Amino acid sequence: MHAGEYTSRMSVEPREIDLLITGAAELATAEGDGLHAGERMSEISVRAGVGIAVHAGEIVAVAEDAELERKFRASECLHARGGTIIPGFVDAHTHPVFAGTREEEFELRTAGSSYLEISEKGGGILSTVRGVRESSHEVLVAHLMMRLDRFLDGGTTTVEAKSGYGLTPDDEIKSLEVIAEAARLHPVEIVPTFLGAHDYPAEFRDKPSAYVDLLVEEMLPRVAEGKLAEYCDIFTESHVFGIEDSRRILTRAKELGFQLRLHADQLSPLGGAELAAELGAHSADHLEFISDAGIDALAEAGVVPVLCPLVPLYLRIEQEAPGRRMIDRGLAPAISTDFNPGSCYVQSMPEVMTWSALRLSMNAAECLTAATLNAAASVGRAKRVGTLEAGKRADIVVLDQPSHRFLCYEFGRNAVSAVVANGKIVRDRLGSKA
Ligand SMILES: [Zn+2]
């Protein structure tokens, strides 16, 4: 037997791997490891009869089913039953560490009260702050674990998670330690963000500059020293942190090694987007009231606009972020839930996609790119997650829908039939075969 013959015989032996996913009508994904802007957001790969091979937590091949079945022998198989395979969603803006909910406040809003009226009466963020301060680490971890389960139910495999309901040095650190513990225990990947500048706590309402001093002099250095957050975020708005205070806090954060993100131009055109661009933030979020100059500034600085289109619905505000105009201008928006107990009690990225289509005039491919690759880029993860390509972490969703277009088209039913996170099957309505 010639050596070459021996090699070719060896090469037809299937490789042993952990998992094979086949039987899909469609596999849809953006491709690449950085932001997709403008027209590129629509240029996703949509292929029929294509599946995925997974081993050791990574995608090892994306190819036609017959080729995968020839090349690999898997210890577990998922048959997609004519559904659609997409990347796990990346939710780039959430506030999941809280105790207590705000359903009464929701009804005040449906009866006509505004966000600011509720906040001025001690509701809003400050009512959740009381709940977090009174709750133990263990209770907060238990709540967060339950919420992470719900993210997975909806196909979300990476979540950016903010503190911001403690608003004392110890309670902010407690919140970030809760995030760190849940990240160790749960299959959802968590990106931790410090949001001590979410609001002024009640005890600083009459001396807000003292709270800014506390943030800059004590809280940020302690969070940095404990390596408890990758990002520093801030609520830049005229009733909370104005442009000058925001610049001071974020500049200090940057010096301490944090990446930056901002709640910007959500309720008024204050110039938060311009500040995000000036400071080289990774993201500027909300942006319902962004100015044309703000859009230009984000485009020039390459900042990701993270749009939260369900929030104006919850706040009963007519103004929407100009998602269509941003894409036409060459920006690369991400979309997210902004899951929180007050202004958006929603954890489902498909519902965000439908709303982005209907209200922001984004097409199905743009919505998918915004909910996966661009969201991953906004949290510094685009080289690892956000697309289905060999070498990326195996975060995969199987839908019971025949095409990715149904994600926007069908509203209000969970179409996720299986979820793979970091190479492991963590949700399965398909009946996987060992
Ligand atoms: Zn937020």
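## Strands β2 and β3

Thr 29 stands opposite Ser 45 of strand β3. The model is a predicted one. Strand β2, residues 26–29, runs antiparallel to β3, and 3 bridges join the two. Strands of a sheet pair through backbone hydrogen bonds, in either a parallel or an antiparallel way.

Both strands belong to an open sheet of 6 strands, ordered β3-β2-β7-β16-β17-β18, in which the pairing is mixed. At the edges are β3 (45–47) and β18, each of which pairs on one side only. From one strand to the next, the twist averages 15 degrees.

## Helix α6

Helix α6 has 17 residues. From its first C-alpha to its last it reaches 24 Å, close to the 24 Å expected at 1.5 Å a residue. Just after α6, Gly 155 has a positive phi of about 90 degrees.

The buried residues of α6 are Leu 140, Val 141, His 143, Leu 144, Arg 147, Leu 148, Phe 151 and Leu 152. An α-helix has 3.6 residues a turn, so residues three or four places apart point the same way. The cover over the buried residues of α6 includes β8 (89–94), α5, β9, α7, β17 (416–421) and β18 (424–428).

## Helix α7

Helix α7 covers residues 169–185. Its 17 residues should span 24 Å at 1.5 Å a residue, and the end C-alpha atoms are 25 Å apart, which agrees.

In α7, the buried residues are Glu 172, Ile 173, Ser 175, Leu 176, Val 178, Ile 179 and Ala 182. These buried residues pack against helices α5 (125–134), α6 (137–153) and α8 (208–225), and against strands β9 (156–162) and β10 (189–197).

Key
Residues are numbered from 1 along each chain as its sequence is written. This is a predicted model: local features need pLDDT of at least 70, side-chain atom pairs count only at pLDDT 80 or more; totals for chains, interfaces and linings use all residues. Helices (H or I, at least four residues) and strands (E, at least two) are DSSP runs, numbered from the N terminus. The expected span of a helix is 1.5 Å times one less than its number of residues. A residue is buried if 20 or more other C-beta atoms lie within 10 Å of its own, exposed if 12 or fewer, and partly exposed in between; C-beta atoms are placed from the backbone. Two residues are in contact if their C-beta atoms, placed from the backbone, lie within 7 Å. Two strands pair if DSSP finds at least two bridges between them. Axes are lines fitted to C-alpha atoms, for helices over the stretch in contact, and angles run from 0 to 180 degrees between N-to-C directions.
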